[in-house]
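Hi,

Here is the structure I promised to pass on.

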Amino acid sequence: MPKLSKKISLILRPLFGFRYGAVALKAVSILASLLPPYLIGLLVDDLNATGGEAALFYITLIIGILIAFFFLDWAQDFLWYKMLYIGTGMVRSYLFSNVLHKDYRFFRDHSIGDIENKVIHDAAYYAKAKLAMMPTLFLNVLYIGIILAFLTNMHMQKTFVVVGLCVAFYLIYSLINKSLRKTSTLEREGFSELLDTANETLMGINTIQLYGAEKFFDQYFEHSVEKYESFLIRLRKLQALAYSATESIMSIIPVIAVLIGIAFVATGYITVGTIVAFFLFLPRLSKPIKSLTDFNVDLQHARAVEGRLEELLSHNYDDNDNNLEKIDKITSLEFVDISYSYENDGNEVLTDVCFSLVPGDALAVVGPSGTGKTTFLRMLKRQISPTLGEILVNGKNLTEINTESYLGRIAVLTQEVFAFDASIRENIRFGKDIPDERIEALAKFCALGDINLDDNAKSLSGGERQRMGLARALACDYDILVLDEPTSELDLATEAEIVKNLKILQKTKGTILIVVTHSDYVLKNLCNKSLPLSKIYPHSHLPH
């Protein structure tokens with residue numbers, strides 16, 4: 001069983017008892033729905049044979065069963081869909097949680113639209129298949145089995161004809177399955193591309209409008225729509241073929257059955273009531289067969305997306321990571337002869353980087369764009385590993401230290417500050433249990449004292465958002481504070497105020513500060529060490 005299947009089965013296990021109840025109700029509902037045709041056949045024969053002595057009994061019984069069927073069918077339908085909706089939510093939440101723990105390489109290699117499609121749409125298909133596969137198969141086989149049992153009891157020869165036509169239907173449909181699964185995969189991938197194009201365009205709407213490029217991106221999106229439509233049309237064509245095959249077979253069955261019945265009536269081997277019952281039963285036979293057809297389409301979708309969802313479960317770190325040493329404090333950080341080359345082109349981005357830091361040190365990482373500052377930060381955050389050299393934390397190689405415990409001691413202000421749709425207060429808190437008093441003190445510390453913290457963070461300007469991000473980083477319990485261009489959006493006065501506050505904090509808290517900056521003011525007034533990164537001077541070393 002694939003890893004994904006095991007994981008999802010484990011997640012959905014709490015719903016299995018719910019499922020048994022829904023299946024039991026559905027089974028009773030099926031039996032209740034199939035009794036009236038049989039009783040109507042008996043009623044017709046009674047009218048012919050006795051003039052209707054038992055007619056009132058049969059009519060009362062039929063009405064009672066139909067009323068019971070209504071309530072049974074309503075109850076099982078409600079339970080069934082409630083289970084599917086809850087299960088879909090559980091699977092989506094689980095997969096989304098996995099996505100949130102991916103490192104930057106996953107998001108580099110996968111578009112946001114594709115990830116959204118997997119978590120929202122593909123997960124729904126897969127959850128439905130996991131919850132409904134066996135019950136649907138069981139219930140519809142039971143449905144068909146009960147009908148065939150009634151038909152066999154009434155007339156065996158006619159039943160053989162019905163079974164033969166059903167077998168013919170499945171043989172025809174099996175020829176469609178292979179193409180249906182392949183096309184389902186293409187349709188899912190096309191939908192992901194469409195979502196990605198829409199997200200990408202809307203995220204860049206300001207730039208698009210400033211450049212007057214609306215027409216170009218309109219055509220760009222239209223091309224993605226047309227590409228997706230071609231896959232969707234191909235898929236619908238195969239689905240329509242499957243449904244048409246079902247309709248054709250099920251239309252032929254009652255016609256043949258009635259013709260055979262008429263022939264048997266002429267010879268006296270069958271009663272009129274039996275023909276009536278057959279005629280009422282056969283349309284009901286189409287329901288489970290159509291249901292299996294619909295389910296098969298969904299199952300092909302689920303199998304098509306299983307591989308796409310499987311990759312969401314891969315871990316960022318080695319399985320052995322939990323066995324590594326966990327730390328509760330970082331007392332020193334050292335880069336020893338670190339070099340890094342990208343695998344795709346072999347170009348060396350960092351060369352012989354060396355420095356050592358202890359609490360109280362403030363390191364400025366400087367250099368023009370393209371000299372490896374971002375690569376340096378990714379290496380520091382353990383998103384990538386050095387090609388040569390070693391990173392020492394508390395005197396030990398970083399590869400010997402548990403990743404989660406190491407990252408838990410680092411706070412980061414990113415260059416692009418993420419703000420979600422909530423108050424500034426909640427954006428600073430960022431899911432942590434931090435009292436309002438501390439949030440307000442941090443806001444004041446970061447020159448946000450004049451702003452209402454209950455306003456939506458989406459309304460902040462670039463400089464205000466940057467200061468909010470700094471407050472968020474300072475709210476963490478950290479030993480290393482990493483600031484990526486912390487004052488790039490600030491005016492000179494605000495920059496001076498922030499630097500003054502950070503210098504006081506650094507002196508009192510005694511942590512390690514690493515600042516990526518282009519600002520001479522930050523370099524001169526905040527940092528006591530510097531790491532120049534340059535393509536011209538790749539062997540620049542930091543004095544120890």
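Let's start with the second largest pocket, where H5 gives the largest share of the lining, 7 residues. Helices here are DSSP runs of H or I with at least four residues, numbered from the N terminus. Bear in mind that this is a predicted model: local features need pLDDT of at least 70, side-chain atom pairs count only at pLDDT 80 or more, and totals for chains, interfaces and linings use all residues. Residues are numbered from 1 along each chain as its sequence is written, and side-chain values use heavy atoms, with hydrogens and water left out.

That pocket has 21 lining residues, and Trp80, Tyr81, Thr136, Asn140 and Ser291 lie nearest its centre. (On a 1 Å grid over the protein atoms alone, a pocket is an open set of points where a 1.4 Å probe fits, with protein on both sides within 12 Å along at least five of seven lines; lining residues have an atom within 4 Å of a point.) H2 (16-50), H3 (55-100), H5 (112-154) and H9 (272-310) each supply at least two lining residues.

Now the rings: there are 12 aromatic pairs in the structure. Pairing needs ring centres of Phe, Tyr or Trp (its six-membered ring) within 6.5 Å, and planes under 30 degrees apart count as stacked, over 60 as edge-to-face and the rest as tilted. Tryptophan 74 and phenylalanine 78 have ring centres 6.5 Å apart and planes at 15 degrees, so they are stacked. Both sit in H3, 4 residues apart, about one turn of the helix.

Finally, the axes of H14 (residues 462-474) and H15 (residues 492-509) come within 13 Å and cross at roughly 5 degrees. Axes are lines fitted to C-alpha atoms, for helices over the stretch in contact (heavy atoms within 4.5 Å), with angles from 0 to 180 degrees between N-to-C directions.

Cheers
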